[in-house]
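Here's a quick look at one protein model, with an eye on its charged side chains. Have the structure open as you read.

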Amino acid sequence: LDRPLRRAGTLPDSDAALQRKRWFIGVLAIFWLVGSGWLLFQLQTAGQRMFDPSLMQTPDYPTDAVVDALQRILPDTGTPLVIHVWDDRCDCAAAAWSHLTSMKDRILEAGAQVVFLARPGDRERAGAASVALSLESGIPVAGVVVDEQRSLVPASPAAMVVSQAGELVYLGPYSAGGACVSSLGGFVESSLRMASGTNGDPWVNRAAIGCYCDWRDDDNKQV
């Protein structure tokens with residue numbers, strides 16, 4: 001039987017159709033990856049803000065006033081302290097709690113203790129949370145103090161690190177980004193390594209971008 005002739009270098013109809021199908025699937029896969037990446041980026045960046053939006057208007061943070069206030073309210077433990085700014089009104093608080101519990105080994109290695117800093121009226125709830133942290137994770141907790149003027153930090157979730165000598169080492173968020181849960185490259189972990197001695201000027205990390213709430217706002221919801 002005679003076979004139909006085709007030009008050299010051309011594919012049979014079935015092979016050409018299969019090639020077009022593969023090309024079409026490949027294009028769809030590329031669009032799906034790009035769309036998924038864009039959606040993930042939108043979800044991660046939604047609601048993020050600068051830790052201290054007043055940075056551009058007031059570049060100098062009142063660090064001396066913060067240090068003076070901490071000296072009046074912090075317990076004298078003779079150990080480095082991680083001050084956990086506790087705020088259950090903030091939608092971002094769960095991520096900070098996970099970050100804090102993941103720091104157990106680093107806190108123990110530094111010989112540090114955790115102090116909860118609460119807003120006025122929140123001491124009782126913060127106290128219950130501090131007991132839960134100690135019982136569930138084994139992280140040593142030295143008590144709860146209150147920021148009566150709501151002036152020590154601009155936003156929550158946040159933390160401060162105070163050295164064994166009583167000097168402020170760090171003030172700012174646990175980490176940056178939408179989740180703020182990683183303890184591998186967190187700001188607090190880096191500061192804890194210097195908390196056994198003196199550090200000189202403290203690191204006030206105001207420019208970080210992430211999931212934060214206004215500490216001074218009565219509603220104190222995620223912005």
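Let's start at Arg125, which is partly exposed, with a relative accessible area of 37% (buried means under 20% relative accessible area, exposed over 50%, partly exposed in between, using a 1.4 Å probe and protein chains only).

| Salt bridge | Closest N to O |
|---|---|
| Asp88 and Arg125 | 2.9 Å |
| Arg89 and Asp122 | 2.6 Å |

Together, Asp88, Arg89, Asp122 and Arg125 make up a salt-bridge network. The count for the protein is four salt bridges. Asp88, in the loop between strand E2 (81-85) and helix H3 (93-102), sits 37 residues from Arg125 in helix H5 (residues 123-137). Helices (H or I, at least four residues) and strands (E, at least two) are DSSP runs, numbered from the N terminus.

How far can you trust this? It's a predicted model, where local features need pLDDT of at least 70, side-chain atom pairs count only at pLDDT 80 or more, and totals for chains, interfaces and linings use all residues. Residues are numbered from 1 along each chain as its sequence is written, and side-chain values use heavy atoms, leaving out hydrogens and water. The mean pLDDT (the predictor's confidence in each residue, from 0 to 100) is 82 for the protein, and 76% of the residues score at least 70.

How values were computed: A salt bridge is a side-chain nitrogen of Lys or Arg within 4 Å of a carboxyl oxygen of Asp or Glu.
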